[in-house]
Amino acid sequence: MKAYDYLVVGAGLFGAVFAHEAALRGKKIKVIEKRDHIAGNIYTHEVDGIQVHQYGAHIFHTSDKQIWDYVNQFATFNRYTNSPVANYKGKMYNLPFNMNTFNELWGTKTPQEAMNRLQSKNQRLKLPINLKTWKNKQYR
């Protein structure tokens with residue numbers, strides 16, 4: 001008789017879910033994890049009553065109701081929409097770039113106009129160069 005049906009390496013999202021679901025189906029599972037905690041890169045710990053992301057923010061998102069209901073059986077998730085913006089020369093721009101961003105930067109109104117503007121700026125870079133230096137050269 002074998003000691004377990006599955007050996008799961010890592011207790012991050014995939015490993016933990018697989019082990020849980022296999023165990024529910026009567027399988028014997030052995031999970032090994034090199035860290036001293038489960039949850040992989042989404043691990044949080046409490047500091048002064050606040051959950052702190054040990055490895056930086058990792059955002060869980062899905063539009064699939066079945067998946068949303070599944071994860072909410074373990075913990076209550078807050079709905080969150082990631083809406084990053086960049087402050088460039090005191091003005092806020094949508095990220096990732098979209099037509100609103102190109103309109104704000106260049107006044108373009110169609111995808112073709114934006115593509116033409118991007119292609120007009122296409123050039124071979126002399127390395128090393130950083131993004132800030134490149135942007136300053138491009139948008140003067």
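Helices (H or I, at least four residues) and strands (E, at least two) are taken as DSSP runs, numbered from the N terminus. The model is predicted, so that local features need pLDDT of at least 70 and side-chain atom pairs count only at pLDDT 80 or more, while totals for chains, interfaces and linings use all residues. Residues are numbered from 1 along each chain as its sequence is written, and side-chain values use heavy atoms, with hydrogens and water left out.

T108 is placed in the loop between α3 and α4 (111–121). T108 has a relative accessible area of 7% and is therefore buried (under 20% relative accessible area; exposed is over 50%, partly exposed in between; 1.4 Å probe, protein chains only). Not counting residues up to four places away in sequence, T108 touches F102, N103, E113 and A114, contact meaning heavy atoms within 4.5 Å. A polar atom of the T108 side chain lies 3.4 Å from the backbone oxygen of F102.

Helix α3 (residues 99–106) contains T101. T101 counts as buried because its relative accessibility is 1%. Apart from neighbours within four places in sequence, T101 is in contact with Y93, N94 and P96.

I67 lies in helix α2 (residues 65–71) and is partly exposed, with a relative accessible area of 40%. Together with L13, I42, F60 and F77, I67 forms a nonpolar patch on the surface, with about 400 Å² of accessible area together. Patches are made of residues with over 30% relative accessible area and no salt bridge, like charges being joined within 9 Å and nonpolar side chains (Val, Leu, Ile, Met, Phe, Trp, Tyr) within 5 Å. A salt bridge is a side-chain nitrogen of Lys or Arg within 4 Å of a carboxyl oxygen of Asp or Glu. Accessible areas come from the Shrake-Rupley method with a 1.4 Å probe, and for residues only the protein chains shown count as cover.

Technical notes: Polar contact = N/O pair within 3.5 Å; in protein donor to acceptor, adjacent residues only side chain to side chain.
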